[in-house]
Amino acid sequence: MIDSVKISSKEVKKLLDIEESHFCDLKATEVSPAKLSKAIAAFSNAEGGELFIGIEDNPREWKGFTNIESANSHLQVFEQLFPLGTDYQYQFLENDGEKGLVLKVQVAKTRDLKTATDGKVYVRRGAQSIPVTDEVRLTSLRRDKGLVSFESELVNCPEEFVTNSIHIIEFLIEVVPTAEPEPWLKKQMALQNGKVTVVAVLLFAEEPQAIVPKRSGLKIYRYKTSAEEGSRETLDFDPVSIDGNVYSQIYNSVSQVAKIVESVRLQTPDGLVTVNYPQEAIHEIITNAVIHRDYSITDDIHIRIFDNRVEVLSPGTLPGHVTAENILSERFARNPTLVRLINKFPNPPNKDVGEGLNTAFESMRNLKLKPPEICQDGGYVKVVLRHEPLASPEEAILLYLLKHDEIANRNAREVCFIKSENKMKRILQNLVSSGLLEPVPGRTRYTAAYQLTEEGRNAASKYT
């Protein structure tokens with residue numbers, strides 16, 4: 001049963017003003033179900049989206065189905081290919097001032113590849129549904145979905161680079177002391193038909209970056225700025241490259257990042273202090289980037305350390321049905337063999353399999369810092385740790401003034417992580433209007449500053 005929901009005139013206007021995009025498409029009821037199936041399949045194979053059927057273009061107007069029954073031919077086709085359930089939600093929208101019913105199709109990013117009625121695979125790119133026909137692109141899409149993994153690809157290198165490496169010998173002595181390298185690796189499908197797989201190289205080769213070049217490196221940058229982007233001028237030193245097998249790469253990267261972060265100084269209510277990100281958050285996010293990256297992409301993992309944040313960029317898209325919104329509750333391994341085998345190492349970096357990001361969120365919360373931000377940023381999965389307190393700007397200003405006699409706009413922007421001088425000016429003026437702050441007497445507009453009133457001091461004390 002598909003629900004029919006009344007929406008307000010304001011919501012109608014908002015719908016009619018929508019721009020078609022990577023996540024939204026508008027179609028007339030006259031468009032055939034077969035053609036519409038291309039859009040639904042494309043959303044399914046990308047990041048999901050919304051399709052509204054019953055919106056005319058040129059001019060843009062509401063012109064829906066006469067009644068629910070008149071949409072039956074559409075729904076019959078959709079039900080065969082995209083059945084109602086977790087991945088697909090259908091809903092009729094109606095408004096007393098508009099003609100007919102608009103069918104809203106809510107599409108989630110699916111676990112498998114979806115085809116349209118013509119049997120072809122489509123993918124959403126911008127405001128278009130583009131067919132994917134050549135095998136290279138189909139394979140890339142299957143990797144994005146997690147249907148196949150680059151970790152099982154065969155590598156043209158001598159077996160002994162893996163079977164006689166110091167890493168495999170130390171691993172087996174510690175973990176499986178009765179096993180020999182070659183038969184054990186065969187049982188794990190890390191050696192196949194006398195060939196070495198990518199996962200075997202990543203875990204056990206002494207120099208993986210020489211065998212799978214430009215696919216397994218990690219670089220760390222330090223930018224002395226809080227700007228949105230770093231530049232050559234703000235780069236503190238040449239990028240640091242972290243090589244080696246993925247196990248040592250994780251621990252060495254965490255150590256290096258922690259060392260660099262300790263050198264960062266931040267303006268707070270207590271003055272300039274050392275940045276203190278929780279080690280657990282840094283560890284879990286770097287581990288997640290290394291073991292879940294797309295190793296088919298010729299690129300490094302990039303860790304960028306700014307004055308007020310750490311950014312970790314892992315090549316590839318979020319795998320399978322995972323999105324930035326459901327990543328904490330969903331489980332999907334792009335490289336399942338890598339995840340499984342690295343968990344066998346002594347002191348495995350992924351101790352609580354599937355719980356790493358949850359641990360990062362919790363550790364940031366325990367330090368009263370804002371939670372990590374996760375998004376798809378072009379060809380990277382980007383995670384940002386910001387050194388921003390959970391406190392509101394108003395709270396941060398009041399707390400600052402408990403330990404300082406006055407605060408100027410510039411100081412307040414640094415403490416609150418707000419770039420706009422005008423925005424901070426409005427916040428300060430509101431605090432004055434509320435009776436919590438007052439201007440410091442005798443100052444010009446160029447040297448203006450604010451101090452606590454007695455009421456403001458009482459209010460600030462409640463936050464301590």
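# Close-up views of a predicted model

**View 1. Asn347 sits in the loop that runs between α12 (336-342) and α13 (356-366).** Helices (H or I, at least four residues) and strands (E, at least two) are DSSP runs, numbered from the N terminus. Here phi of Asn347 is near 50 degrees, a positive value in a residue other than glycine. Most residues other than glycine have a negative phi, and most peptide bonds are trans. With a relative accessible area of 42%, Asn347 comes out as partly exposed; the cut-offs are under 20% for buried, over 50% for exposed and in between for partly exposed (1.4 Å probe, protein chains only).

A word on what you're looking at: this is a predicted model, where local features need pLDDT of at least 70 and side-chain atom pairs count only at pLDDT 80 or more, while totals for chains, interfaces and linings use all residues. Residues are numbered from 1 along each chain as its sequence is written, and side-chain values use heavy atoms, with hydrogens and water left out.

**View 2. The whole protein, for orientation.** There are 17 helices and 22 strands to find your way around. The C-alpha trace spans about 80 × 70 × 35 Å along its principal axes. Of the 464 residues, 48% count as buried. Take the contacts with a separation of 6 or more: residues 24 or more positions apart account for 65% of them. Contact, here and in the other views, means heavy atoms within 4.5 Å.

**View 3. A cis peptide bond joins Asn58 and Pro59.** Omega of this bond is about 0 degrees. Pro59 lies in the loop between β4 (55-56) and β5 (61-62), and Asn58 has its place in the loop between β4 and β5 too. At 73% relative accessibility, Asn58 counts as exposed.

**View 4. Helix α6 (residues 166-175) has Ile168, Phe171 and Leu172 as its buried residues.** These three cover an arc of only 95 degrees around the axis, which puts them on the same side of α6; the arc is that of the directions from the helix axis to the C-beta atoms. Ile173 and Glu174 are on the other side of α6, where they are exposed. What covers the buried residues includes α5 (160-163), α7 (181-187), α8 (198-204) and α12 (336-342).

**View 5. Helix α14 (residues 393-403) packs against helix α16 (residues 421-433).** The angle is about 70 degrees and the axes are 11 Å apart. Axes are lines fitted to C-alpha atoms, for helices over the stretch in contact, and angles run from 0 to 180 degrees between N-to-C directions. That angle makes α14 roughly perpendicular to α16 (under 35 degrees is roughly parallel, over 145 roughly antiparallel, 65 to 115 roughly perpendicular and the rest oblique). The crossing of the two is right-handed: a crossing is left-handed if the near helix is turned anticlockwise from the far one by less than a right angle, and right-handed if clockwise. From α14, Pro393, Glu394 and Ile397 make the contact, and from α16, Met424, Ile427, Leu428 and Leu431. By class, this contact has six nonpolar, no polar and one charged residues. For those classes, Ala, Val, Leu, Ile, Met, Phe, Trp, Tyr, Cys and Pro count as nonpolar, Asp, Glu, Lys and Arg as charged, and the others, Gly among them, as polar.

**View 6. Helix α15 (residues 409-416) also packs against α16.** This pair has an angle of about 100 degrees, with axes 10 Å apart. The two helices are therefore roughly perpendicular to each other. Asn409, Ala412, Arg413 and Cys416 in α15 meet Glu421, Met424, Lys425 and Leu428 in α16. The residues of this contact divide into four nonpolar, one polar and three charged.

**View 7. Ile297 lies in the loop between α11 (279-292) and β17 (301-305).** Its relative accessibility is 29%, so Ile297 counts as partly exposed. Not counting residues up to four places away in sequence, Ile297 touches Lys214, Arg215, Pro315 and Gly316. C-alpha to C-alpha, Ile297 and Ser140 are 9.6 Å apart in space, though 157 residues apart in sequence.

**View 8. Arg143 is found in helix α4 (residues 135-145).** At 14% relative accessibility, Arg143 counts as buried. Leaving out residues up to four places away in sequence, Arg143 touches Val148, Phe150, Glu153, Ser296 and Arg334.
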